Amino acid sequence: MSTDLCYVYAVCHPFDAPLQAELVGVEGRPPRLLRHEDLVAVVSAAPEADFAEEPLRAHLEDLDWLTATARAHESVVAALTTVTSPLPLRLATVFRDDSGVRSMMQEERARFHWALGRLAGRVEWGVKVYADAAPTPPEPHSVAGTSARPGTGPGSGRAYLRSRRAQRDALDDTRQRAERFAERLHEELTRHAVATRPHPPQNPALARASGVNIFNSAYLVDRTASEDFVERVDRTKDEEPDVRVELTGPWAGYSFTMEDAGR
C-alpha cells in the first residue's frame, strides 16, 4: 500500500481566515495548515507512488500530468492570495512528513521572513507586449485568376518578392515600434511598482497568443495601488497600431520570492 508524502504549496505568516471548504490541491487532496512557531506552511497529502523521486522524475516528462499538477498547485496559492500574502514554493516541493516541513521552516526561517516581509500587502501583475504580425499579402494571380507561383508569368516573380519584402519591412517596423513602446511603458510602470522582474519573451511555438512577444515583465505592486496600476496599463492599449498589451494578475508574488534573499 502506497504511503503519503507531504506536499507544500506555500509558506505564510499566520492568518485568521479559514481555507475554503471546497478547496482541493494536487491529486484532489484538501490542503491544511501546518504551523511552526511564527510561520505556517500550507500542505496536503501526496501519494508516494507519484511524488517520490523516481516517479516524480518520470511525471515531469508527462505534459498532461504536469499541467494538472501545476493547476492544482496554483489554485491553492490563488485561494491563499485572497486572505493573505503567501510565499509560493516551487511546484512539487515534497517532504517525507510534517516533521520534515517543520525542519525546513526552521532552517529557512530568516529567508522566509525576509521574503514574506517583501510580499506583505502586495500582489504581482504581469505585462506582456506583442508585435502583431503583418497580414500575408495575396500571391500574384494570372489573368485567368488562378494562383501564380514566382516565375510563372511576366513580372510575377518580381512582384512576389516585392510583396514579401514589404511584409518583412512592415513587421520589422512594428517590432521596432513595439520595443520603443515597451520601453516607455516599463519606465512608467516601474515608478508605480515596488519591484520589477524581467522575464524572457515567450517562445512563439509555446505561446498561445498571436503575434511576437517583444516584452515580458512582472511587477510587484501594493494592493492599494493595484487599481491605479491596472488603469495605467489599460490607457496604453490603443497607443500603437499592431502593438498589443496583455495584463495578467493579480497573482501571488511568484517572481519575487527567494531570489534576492541571499544578496
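## Aromatic pairs

Four aromatic pairs are counted in this predicted model, where the rings of Phe, Tyr and Trp (its six-membered ring) pair if their centres lie within 6.5 Å, and where planes under 30 degrees apart count as stacked, over 60 as edge-to-face and the rest as tilted. One of them joins Y7 and Y9, a tilted pair with 4.8 Å from centre to centre and 50° between the planes. Both partners are buried (under 20% relative accessible area, with exposed over 50% and partly exposed in between, for a 1.4 Å probe and protein chains only), since Y7 has a relative accessibility of 0% and Y9 a relative accessible area of 0%.

Y219 and F229 form another tilted pair, because their ring centres are 5.5 Å apart and their planes stand at 50°. Y219 belongs to strand β7 (residues 212–222) and F229 to helix α7 (residues 226–234), so this pair ties together parts that are ten residues apart in sequence; helices (H or I, at least four residues) and strands (E, at least two) are DSSP runs, numbered from the N terminus. Y219 is buried at 0% relative accessibility, and F229 is likewise buried at 0%.

## Cluster and charge over a ring

Ring pairs link Y7, Y9, F51 and W65 into a cluster. Elsewhere, R244 lies over the face of Y130, 4.4 Å from the ring centre, where a charge sits over a ring if NZ of Lys or CZ of Arg is within 6 Å of the ring centre and within 35 degrees of the ring normal.

## Basis of the values

Residues are numbered from 1 along each chain as its sequence is written, and side-chain values use heavy atoms, with hydrogens and water left out. Because the model is predicted, local features need pLDDT of at least 70 and side-chain atom pairs count only at pLDDT 80 or more, whereas totals for chains, interfaces and linings use all residues.
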